[in-house]
Amino acid sequence: MTVRHFLSTQDYSRAEIDALLDQAAEFKRSPQGQQLAGKSIALLFFNSSMRTRTSFELGAFQLGGHAVVLSPGKDAWPIEFEVGAVMDGETEEHIAEVARVLSRYVDMIGVRAFPKFVDWSVDRQDKVLAAFAQYATVPVINLETITHPCQELAHALALKEHLGDLQNRKYVLTWTYHPKPLNTAVANSALLIATKMGMDVTLLCPTPEYVLDQRYMDFAEANARENGGSLRVSHDIESAYRDAHVVYAKSWGAIPYFGRWDEEKAIRDAHRHFIVDEAKMALTDHGLFSHCLPLRRNIKATDAVMDSPACIAIDEAENRLHVQKAVMASLISQSSGAPSGLGF
Ligand code: CP
């Protein structure tokens, strides 16, 4: 039987995403279940986490399952995947063995690997996740790499809860200043899910260098065509915010400067005014604001915005728990051949 993973929402149809969101809403109404009874998940964190770790561990527990959390290089052996690569210090393991051994112990594997603390290129993050999917014989879940699909589902569920039908709602993904470079994962993901839901999406960023990786722009264009929405790029704050229904903020590094942060710093420093504040939110059509968290207050968004009724970031964070339970339950039912009740 072919193993189905949850690596990207691009691997799932709109109908499948809607079914997962419906199941998540059901778990929100009725949190306890036995869908994971006797099942387990290994959660590998190459990077820090608060929300992802807590919500996956609790989600597995609430459905009768068990989670084992590992931090390679900290409480587990460092992991290497390039054949012949030599690391200084402790013995490293190849992903082939890690994925195969874990597949004998657990029923699912979650992997977080984005380059905040590890010196991995953008391309390499995809390879780490792809290598786990290649060698594992159980479903692999993306806990954030070059995209963050679990965050996408939580975001979409929160938007549906507050707005109902999302078709052709005006959605702004705005770049915000951050003193340190961060990866583009959540920004890529915001474009993917907003276009998947048929929204009219504006990517607002300071200069053309901050437009996202072409792969994700292309995916978003295709999603918009398929789902009756649209995608445009803007560098004009006022027109982007005007009449928006949703403002989603994220900081990310400019792709041409990736890893050359000192060169990028001058551009970044000149655009601190991209902060989400009350004056910009006043341009929207009673717009909602959200962010994946963690967020530096008064750098990316002001206290006034974060503490306003328009801010649904806490709802979105809560929804991580519910959507991930839906993902785990659906992967387990698909890998066991049992009907998922989701239509796939
Ligand atoms: N949004 C998110 O993934 O949060 P953590 O980094 O705390 O897991």
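Trainee: In which helix is the place of Ser 189?
Mentor: The model is a predicted one. Helix 6 covers residues 185-196, and the place of Ser 189 is in helix 6.

Trainee: Is Ser 189 buried or exposed?
Mentor: Beyond four places in sequence, Ser 189 touches Thr 147, His 148, Pro 149 and Glu 152. Its relative accessibility is 3%, and a residue under 20% counts as buried. Ser 189 is therefore buried.

Trainee: Across which strands does helix 6 lie, and at about what angle does it run to strand 7?
Mentor: Helix 6 lies across strand 7, strand 8 (200-204), strand 9 and strand 10. Its angle to strand 7 is about 170°.

Trainee: In what order do the five strands of the open sheet stand?
Mentor: The pairing in this sheet is parallel. Strand 9 (230-234) and strand 11 (288-290) each have a single partner strand, so one side of each is left without a neighbour in the sheet. On average, neighbouring strands are turned by 20° against each other, direction ignored. The order is 9-8-7-10-11.

Trainee: Which residue of strand 10 stands opposite Val 172?
Mentor: Strand 7 comprises residues 170-175 and strand 10 comprises residues 246-250. The two run parallel and are joined by five bridges. Opposite Val 172 stands Val 247.

Trainee: At about what angle does helix 7 run to strand 9?
Mentor: Helix 7, formed by residues 214-227, lies across strand 8 and strand 9. The angle it makes with strand 9 is about 140°.

Trainee: Where does Cys 205 lie, and is it buried or exposed?
Mentor: Cys 205 lies in the loop between strand 8 and helix 7. Apart from neighbours within four places in sequence, its contacts include Trp 175, Val 233, Trp 252 and Phe 274. Because its relative accessibility is 0%, Cys 205 counts as buried.

Trainee: What distance separates the C-alpha atoms of Cys 205 and Lys 39?
Mentor: Along the chain, Cys 205 and Lys 39 are 166 residues apart.

Trainee: How many residues of strand 1 are buried?
Mentor: In a regular strand, side chains alternate between the two faces of the sheet. On one side of strand 1, Ser 40, Ala 42 and Leu 44 are buried, and on the other Ile 41, Leu 43 and Phe 45 are buried. Strand 1 (residues 40-45) is thus largely enclosed by the rest of the structure, and the count of buried residues is six of six.

Trainee: Which residue of strand 2 is the bridge partner of Ile 41?
Mentor: Strand 1 and strand 2 (residues 66-70) run parallel and are joined by five bridges. Within strand 2, the partner of Ile 41 is Ala 67.

Trainee: Which residue of strand 6 is the bridge partner of Val 111?
Mentor: Strand 5 (residues 108-112) is mostly covered, with five of its five residues buried. It pairs with strand 1 in the parallel sense over five bridges, and there Val 111 is the bridge partner of Leu 44. Strand 5 also pairs with strand 6 (residues 140-142), in the parallel sense over three bridges. In strand 6, the partner of Val 111 is Asn 142.

Trainee: What is the handedness of the crossing of helix 5 and helix 12?
Mentor: The axes of helix 5 (residues 149-163) and helix 12 (residues 313-336) come within 8 Å and cross at roughly 115°. Among the residues that meet are Leu 153, Ala 154 and Leu 157 in helix 5, and Arg 320, Val 323 and Gln 324 in helix 12. The residues of this contact divide into seven nonpolar, five polar and four charged. The crossing is right-handed.

Trainee: With which side chain does that of Ser 55 form a polar contact of 2.9 Å?
Mentor: Ser 55 has its place in helix 2 (residues 51-62) and is buried, with a relative accessible area of 7%. Its side chain reaches the backbone oxygen of Arg 51 at 2.5 Å. Leaving aside neighbours within four places in sequence, Ser 55 is in contact with Arg 320, Leu 321 and Gln 324. The side chain joined to that of Ser 55 at 2.9 Å belongs to Gln 324.

Key. Residues numbered from 1 in each chain as written. Predicted model: local features only at pLDDT ≥ 70, side-chain atom pairs only at ≥ 80, totals over all residues. Heavy atoms only, no water. Pairing = 2+ DSSP bridges. Helix = DSSP H or I, 4+ residues; strand = E, 2+ residues; numbered from the N terminus. Axes fitted to C-alpha atoms, helices over the stretch in contact; angles between N-to-C directions. Contact = heavy atoms within 4.5 Å. Buried < 20%, exposed > 50% of the residue type's maximum accessible area, 1.4 Å probe, protein only. Left-handed = near helix turned anticlockwise from the far one by under 90°. Nonpolar A, V, L, I, M, F, W, Y, C, P; charged D, E, K, R; others polar. Polar contact = N/O pair within 3.5 Å; in protein donor to acceptor, adjacent residues only side chain to side chain.
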